[in-house]
Amino acid sequence: MIPSRKSKAVGLFSGGLDSILATKLITEQGVTVVALHYRLPFGVPGREPTEEKLSKMASLVGASLMILDADDAYLQLVRSPQFGHVKQLAPCIDCLVFMLAKAKELAREIKADFVFTGEVVGQRAVCQNKRALKQIEKAVGLEGRLLRPLSAKLLEPTIPELTGLVRRERLLDLKGRSRRRQIRLAHEFGIFDYPIPGAGCMLLDKNFAARARDAVKHDQLALPETELLKYGRHFRLESGAKVVVGRNEAENKRLEELAREDDVLCKPLEVMGPVAILRSQKKTKKDTEIAARICARYSDAPAGKPVKLTCAGKNVSVKPYKDEDFVALRVQAQESENVDPVPAPAAEVPKKRRSKAAK
Ligand code: SF4
């Protein structure tokens with residue numbers, strides 16, 4: 001059947017290889033595509049595509065780009081997903097339903113004929129098997145109008161295929177986790193600059209998930225807080241206050257940027273060491289001292305010796321914690337509950353080991 005007018009579609013566009021190829025497969029059939037990118041709050045720092053990059057990729061495959069930001073409604077899915085957490089704290093099925101609901105809304109607004117995604121049958125065991133794909137389609141109310149161009153030939157024909165808006169024979173039958181065929185196809189299309197495929201969602205990370213669960217428990221999973229969850233070692237104090245300590249220079253810098261005016265910021269004065277943030281509604285002297293002692297523990301000062309710090313603008317001197325005194329406060333995945341090992345400073349290395357090392 002020959003379509004009577006130029007058809008239009010909305011495609012979910014993460015900026016990853018699969019979404020780039022799915023978009024190309026549709027635009028090359030003469031369909032006008034709006035590539036919808038959803039900026040989610042749990043992207044891996046440094047791996048989130050910039051607007052410039054997304055726009056370049058979308059135009060390379062002949063689509064126009066639209067970017068939307070997730071709001072608090074998205075966080076509700078993370079707290080209590082209808083379809084459950086797929087891995088760690090990632091509510092993948094709910095997440096896709098959420099993004100597709102927005103795509104459907106946009107499709108209605110711009111009078112698009114259908115919606116498509118870059119999903120591949122069997123690429124992810126739980127949310128990309130045939131049953132889950134059907135479940136997603138039904139949950140979002142897009143039965144028959146949700147096309148997966150990369151795996152279309154393995155799925156029931158959709159309305160755009162049946163009505164000739166899209167030619168099924170020019171779609172693919174990809175399945176499984178291997179990206180070999182996608183990479184070959186990208187090269188055939190002349191696309192070489194694409195992101196390395198892989199997980200770009202912090203919710204899949206067990207330590208991040210532990211911190212996010214702790215935030216949910218303390219009713220603190222709110223949009224400004226999610227960024228802080230991505231950096232540093234996190235400690236939950238008995239009072240409910242939270243201490244976050246940077247693990248390297250880049251994290252220290254980021255923590256300083258993320259510190260709010262009402263946070264207590266601690267930094268060692270005379271030795272190298274981390275930035276620590278104490279975040280709490282009621283800041284007590286006791287909590288400030290705990291934050292300072294944790295901060296001192298991760299400094300380069302010799303173990304057990306007092307460390308001078310600046311804390312909330314005041315100079316203080318505190319004794320660093322011993323690991324056993326604060327390990328229980330650390331918020332992290334169950335199976336790795338030890339605090340990060342910090343090499344003993346030279347002055348603390350037993351003489352025997354020191355002379356051996358010197359040899
Ligand atoms: S991995 Fe993260 S971003 Fe991807 S579908 Fe799952 S929850 Fe959503």
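**Note on the predicted model**

1. Helix α11 has these buried residues: Asp287, Thr288, Ile290, Ala291, Ala292, Arg293, Ile294, Cys295, Ala296 and Arg297. Buried means under 20% relative accessible area, exposed over 50%, and partly exposed in between, with a 1.4 Å probe and protein chains only. Ten of the 13 residues in α11 are buried, and the helix is mostly covered.

2. The model is predicted: local features need pLDDT of at least 70, side-chain atom pairs count only at pLDDT 80 or more, and totals for chains, interfaces and linings use all residues. Residues are numbered from 1 along each chain as its sequence is written, and side-chain values use heavy atoms, with hydrogens and water left out.

3. Back to α11, which covers residues 285-297. From first C-alpha to last it reaches 18 Å, close to the 18 Å expected at 1.5 Å a residue. That expected span is 1.5 Å times one less than the number of residues. Helices here are DSSP runs (H or I, at least four residues), as are strands (E, at least two), numbered from the N terminus.

4. The protein chain is assigned domain 1 (8-188) and domain 2 (231-335). These bounds come from an automatic or database domain assignment. The two domain centres, taken over C-alpha atoms, are 42 Å apart.

5. Which residues surround the ligand? They are Leu40, Tyr74, Ala90, Pro91, Cys92, Cys95, Arg124, Cys201 and Leu204. Near means that a heavy atom of the residue lies within 4 Å. By class, the shell has eight nonpolar, no polar and one charged residues. Ala, Val, Leu, Ile, Met, Phe, Trp, Tyr, Cys and Pro count as nonpolar, Asp, Glu, Lys and Arg as charged, and the others, Gly among them, as polar.

6. The count of salt bridges is 23. Each one is a side-chain nitrogen of Lys or Arg within 4 Å of a carboxyl oxygen of Asp or Glu. Glu119 and Arg148 form one, at 2.9 Å from N to O. Glu119 lies in the loop between β4 (114-116) and α5 (130-140), and Arg148 in the loop between β5 (146-147) and α6 (159-162), so the pair ties together parts 29 residues apart in sequence. Both Glu119 and Arg148 are buried.

7. Glu227 pairs with Lys230 in a salt bridge, with the closest N and O atoms 3.2 Å apart. Glu227 is partly exposed at 22% relative accessibility. Lys230 is buried at 5%.

8. Asp262 and Arg260 also form a salt bridge, 3.3 Å from N to O. Asp262 is partly exposed at 41% relative accessibility, and Arg260 is partly exposed at 36%. Elsewhere, salt bridges with shared partners join Glu119, Lys134, Glu137, Arg148 and Glu156 into one network.
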